[in-house]
Amino acid sequence: RTAVAVELISSPSLIFLLLTNPACREKYSYTVWRKEQILKCRKFLNEVLLDQIPPLGDLQRALDELSFLEPPAATEEKFKTTLVIEPVPRIMNSITKNTNFKRIQDLHLSRLTDPALIMEQSKEMSAMIDLLLGNLDIGA
């Protein structure tokens, strides 16, 4: 169904949707060239055509709004989409600087593989589940 719907939508319909639908307008990034190309269709909108096809009034209003829009320059757009600046926090550097990760790894590994500790944690979880189920039975 989607493929059929896409075939039925023509380029002018897509431009109409792009300009009149607020959700589409937010997601579309305008450049100077794109703005100029879209505004070329303003010359075809005249009073008679707007009287015959009223939805074109929305298109004309959207084109008027677009004419006031100042899109970013090409260099600004390029940096906006490709340049990511991420500060490295000083706190993270101070934590990782003097930390023995091998010791922490060994400690966690011993906690995860110690059979006595695993049995103790299993008993604690079992007791919590029994308590939870017991509370549920009381309310029923």
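This passage describes the packing of helix α4 against helix α6 in a predicted model.

Helix α4, which spans residues 32-39, packs with helix α6, which spans residues 56-68, at an angle of about 145°, and the axes of the two helices lie 10 Å apart. The crossing in which α4 passes α6 is left-handed. On the side of α4 the contact is formed by Lys35, Ile38 and Leu39, and on the side of α6 by Leu63, Leu66 and Ser67. By residue class, the contact of α4 with α6 comprises four nonpolar residues, one polar residue and one charged residue.

Within α4, the buried residues are Lys35, Ile38 and Leu39. These residues cover an arc of only 95° around the axis and are therefore placed on the same side of α4. Lys35, Ile38 and Leu39 are also the residues through which α4 makes its contact with α6.

Among the residues that α6 brings to the contact is Ser67, which lies in that helix. When residues up to four places away in sequence are not counted, Ser67 touches Lys35, Leu39 and Arg42. Of these partners, Lys35 and Leu39 belong to the α4 side of the helix contact. Ser67 and Lys35 are separated by 32 residues in sequence, while the distance between their C-alpha atoms is 7.7 Å.

How values were computed
Residues numbered from 1 in each chain as written. Predicted model: local features only at pLDDT ≥ 70, side-chain atom pairs only at ≥ 80, totals over all residues. Heavy atoms only, no water. Axes fitted to C-alpha atoms, helices over the stretch in contact; angles between N-to-C directions. Helix = DSSP H or I, 4+ residues; strand = E, 2+ residues; numbered from the N terminus. Left-handed = near helix turned anticlockwise from the far one by under 90°. Contact = heavy atoms within 4.5 Å. Nonpolar A, V, L, I, M, F, W, Y, C, P; charged D, E, K, R; others polar. Buried < 20%, exposed > 50% of the residue type's maximum accessible area, 1.4 Å probe, protein only. Arc of directions from axis to C-beta.
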